[in-house]
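Try each task yourself before you read the solution.

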Amino acid sequence: MALLAASSLQAGPIDVPDHPQQKAVQLVHEAEHEVDHAWEVYHRAALGGTIASPKLQSEIEEHLHEARTLVTQAKEAADRGHERQVEELCQQVRLHTTQAMKGSKEQKR
């Protein structure tokens, strides 16, 4: 029992706020979440048959794939410690996910 208590004290907290790359890692995590959410919105709209046209559907998918690619690039930048680049890439992710969600919410007429 004492060994278990000692090992948990040595392990430390899971979230280390003083880590120099913590902000970049958090930005990447949030960007991943945004992309996942945008894909969910898109899939619900596609399954519900509410997306306005095949062309719009294709545009939405392009935005989502580009956002996913940018997240991968942001992860790599975070690994290298390039916080400024991570911020810029995450802003681009947000632009693509916003466009995808906007398109996913357009209704057939």
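**Getting oriented**

Starting at the N terminus, the elements of the protein run α-α-α-α. Residues are numbered from 1 along each chain as its sequence is written, and side-chain values use heavy atoms, with hydrogens and water left out.

**Exercise 1: confidence**

Task: work out in which helix confidence is lowest and in which it is highest.

Solution. Begin with the overall score: pLDDT, the predictor's confidence in each residue from 0 to 100, averages 83 for the protein, and 78% of the residues score at least 70. Next, go helix by helix. Confidence is lowest in helix 1 (residues 2-11), with a mean of 45, and highest in helix 4, at 96. Contact here means heavy atoms within 4.5 Å. Where pLDDT is low, the predicted coordinates should not be read in detail.

**Exercise 2: helix 2 against helix 3**

Task: decide whether helix 2 and helix 3 are roughly parallel or roughly antiparallel to each other, and sort the residues of their contact by class.

Solution. Take the geometry to begin with: the axes of helix 2 (residues 22-48) and helix 3 come within 10 Å and cross at roughly 165°. Axes are lines fitted to C-alpha atoms, for helices over the stretch in contact, and angles run from 0 to 180 degrees between N-to-C directions. Now apply the cut-offs: under 35 degrees is roughly parallel, over 145 roughly antiparallel, 65 to 115 roughly perpendicular, and the rest oblique. Helix 2 and helix 3 are therefore roughly antiparallel to each other. Their crossing is left-handed, meaning the near helix is turned anticlockwise from the far one by less than a right angle (clockwise would be right-handed).

Then look at who touches whom. Helix 2 contributes residues including Val-28, Val-35 and Trp-39, and helix 3 contributes residues including Ile-60, Leu-64 and Val-71. By class, the contact has 14 nonpolar, two polar and five charged residues. Ala, Val, Leu, Ile, Met, Phe, Trp, Tyr, Cys and Pro count as nonpolar, Asp, Glu, Lys and Arg as charged, and the others, Gly among them, as polar.

**Exercise 3: helix 4 and its partners**

Task: find how helix 4 is oriented relative to helix 3 and to helix 2.

Solution. Step one is helix 3 (residues 54-80) with helix 4 (residues 83-104): they pack at about 160°, axes 8 Å apart. That makes helix 3 roughly antiparallel to helix 4. The contact of helix 3 with helix 4 splits into 14 nonpolar, nine polar and two charged residues.

Step two is helix 2 with helix 4, which pack at about 15° with their axes 9 Å apart. Helix 2 and helix 4 are therefore roughly parallel to each other, and their crossing is left-handed. Among the residues that meet are Leu-27 and Val-41 in helix 2, and Glu-87 and Met-101 in helix 4. This contact has 13 nonpolar, three polar and five charged residues.

Step three zooms in on Glu-87, which sits in helix 4. Leaving aside neighbours within four places in sequence, Glu-87 is in contact with Lys-23 and Leu-27. The C-alpha atoms of Glu-87 and Leu-27 are 7.1 Å apart, though 60 residues separate the two along the chain.

**Exercise 4: Ser-104 and Ile-51**

Task: is Ser-104 buried or exposed, and which residues does Ser-104 touch?

Solution. Locate Ser-104 in helix 4. Its relative accessibility is 3%, so Ser-104 counts as buried; buried means under 20% relative accessible area, exposed over 50%, partly exposed in between (1.4 Å probe, protein chains only). Not counting residues up to four places away in sequence, Ser-104 touches Val-41, Tyr-42, Ala-45, Thr-50, Ile-51 and Ile-60.

Now follow Ile-51, found in the loop between helix 2 and helix 3. At 6% relative accessibility, Ile-51 counts as buried too.

Note on methods:
Predicted model: local features only at pLDDT ≥ 70, side-chain atom pairs only at ≥ 80, totals over all residues. Helix = DSSP H or I, 4+ residues; strand = E, 2+ residues; numbered from the N terminus.
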